[in-house]
Amino acid sequence: LSYGVDRNAAIFIRKVDGADAVKLDFGNRPALSGDGSLVACIQRGNPARLKIIHTGAGEPKFVASAGLEYESLEWFPDRKRLLVVARRGNEAFRSWLQPVEGGEPHPITQPGVRARGISPDGVMIVEANAQNLVIHFVDQRPSRVVAKSLPRESVVRWNAAGSGFYTRREIDQDSALQVDLVD
């Protein structure tokens, strides 16, 4: 990333074979889709908007924002939806399900609850709060506490099988990290 236009960083992609990086567009918090064909980002402005960029041929497009202020985003496995942490108006940030091809976003969590880390089947997301690690269901089933959380613990991602998720936490002031798998 390099800084570019209107507080939006330049977004580049590079193949792992050592080829030159290719500039795709400008935006913040880029998220690459699972198949590598799309990048979603937050494009700062008034208002900020979600932008979908093709890594190959194709024109970028904007996703209707519905008046949300975005903090972060990630792709669902189906590439039809994004999980965004955002807020509307003065309410606290929360997790939302945002359709990519149009349609209104809808909240998955209560205000103040920032859950991330989409399970491989696209059914669950995880919240790490000061007390617990909590699974939230995208279809609005009741949430489930799966473990007590440790100080400074955050969710990294699910394992490929979807049977657990990884967490990380700083364990000393030298930036040493502990990574755990929660079943």
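This is a predicted model: local features need pLDDT of at least 70, side-chain atom pairs count only at pLDDT 80 or more; totals for chains, interfaces and linings use all residues.
Figure 1. One aromatic pair is counted. The pair is edge-to-face because the rings of tryptophan 158 and phenylalanine 165 have planes at 65 degrees, with their centres 5.4 Å apart; an angle over 60 degrees is what this class requires. Phenylalanine 165 is buried as well, with a relative accessible area of 2%. A pair of aromatic rings is described by the distance of the centres and the angle of the planes.

**Figure 2. The largest pocket and its lining.** The volume of the largest pocket is about 320 Å³. Its lining is made up of 14 residues. Those nearest the pocket centre are Glu74, Trp75, Ile118, Arg157 and Trp158. The largest share, four residues, comes from β14. Trp158, one of the residues nearest the pocket centre, is also the tryptophan of the edge-to-face pair with phenylalanine 165.

**Figure 3. The largest nonpolar core.** This core contains 17 residues. The members that touch the most other members are Leu50, Ile52, Tyr70, Leu73, Trp75, Leu82 and Val84. Strands β4 (38-43), β5 (49-54), β7 (68-75) and β8 (81-88) each supply at least two residues of the core. The largest share, four residues, is from β7. Trp75 belongs to this core and is also among the residues nearest the centre of the largest pocket.

**Figure 4. Contacts of leucine 82.** Which residues does leucine 82 touch, not counting residues up to four places away in sequence? The contacts are Ala40, Leu50, Ile52, Glu74, Trp75, Phe76, Trp96, Leu97, Gln98 and Val100. Among these contacts, Leu50, Ile52 and Trp75 are listed with leucine 82 as core residues that touch the most other members.

**Figure 5. Two arginine side chains over phenylalanine rings.** Arginine 49 lies over the face of phenylalanine 62, and the distance to the ring centre is 3.5 Å. In the second case, the charged end of arginine 81 is placed over the ring of phenylalanine 76, at 4.2 Å from its centre. Phenylalanine 76 is also one of the contacts of leucine 82.

Figure 6. With residues up to four places away in sequence left out, isoleucine 42 touches Asn8, Gly27, Asn28, Arg29, Ala48, Arg49, Leu50, Tyr70, Glu71, Ser72 and Leu73. Of these, Arg49 is the arginine that lies over the face of phenylalanine 62. The C-alpha atoms of isoleucine 42 and alanine 66 are 14 Å apart in space, and the two residues are 24 residues apart in sequence.

Figure 7. Lysine 23 is located in strand β3 (residues 22-32). With a relative accessible area of 45%, lysine 23 is partly exposed. Beyond residues up to four places away in sequence, lysine 23 touches Ala10, Ile11 and Phe12. Along the chain, lysine 23 and alanine 86 are 63 residues apart, and their C-alpha atoms are separated by 27 Å. Arginine 29 is also a residue of strand β3. Its relative accessibility is 46%, so arginine 29 counts as partly exposed. Arginine 29 has a positive phi of about 55 degrees although it is not a glycine.

Figure 8. Arginine 7 is in the loop between β1 (2-5) and β2 (8-13). Its relative accessible area of 62% makes arginine 7 exposed. Leaving aside neighbours within four places in sequence, arginine 7 contacts Asn28, Arg44 and Gly45. The C-alpha atoms of arginine 7 and glutamine 43 are separated by 8.6 Å, with the residues 36 residues apart along the chain. Arginine 79 is found in the loop between β7 and β8. Arginine 79 has a relative accessible area of 34% and is partly exposed. Its phi is near 60 degrees, a positive value in a residue other than glycine.

Key
Residues are numbered from 1 along each chain as its sequence is written. Side-chain values use heavy atoms; hydrogens and water are left out. Rings of Phe, Tyr and Trp (its six-membered ring) pair if their centres lie within 6.5 Å; planes under 30 degrees apart count as stacked, over 60 as edge-to-face and the rest as tilted. Buried means under 20% relative accessible area, exposed over 50%, partly exposed in between (1.4 Å probe, protein chains only). A charge sits over a ring if NZ of Lys or CZ of Arg is within 6 Å of the ring centre and within 35 degrees of the ring normal. A nonpolar core is a set of buried Ala, Val, Leu, Ile, Met, Phe, Trp, Tyr and Cys residues joined through side-chain atoms within 4.5 Å. Contact means heavy atoms within 4.5 Å. On a 1 Å grid over the protein atoms alone, a cavity is a set of points where a 1.4 Å probe fits but cannot get out, and a pocket is an open set with protein on both sides within 12 Å along at least five of seven lines; lining residues have an atom within 4 Å of a point. Grid points are joined across faces, edges and corners, and a volume is the space filled by probe spheres set on the points.
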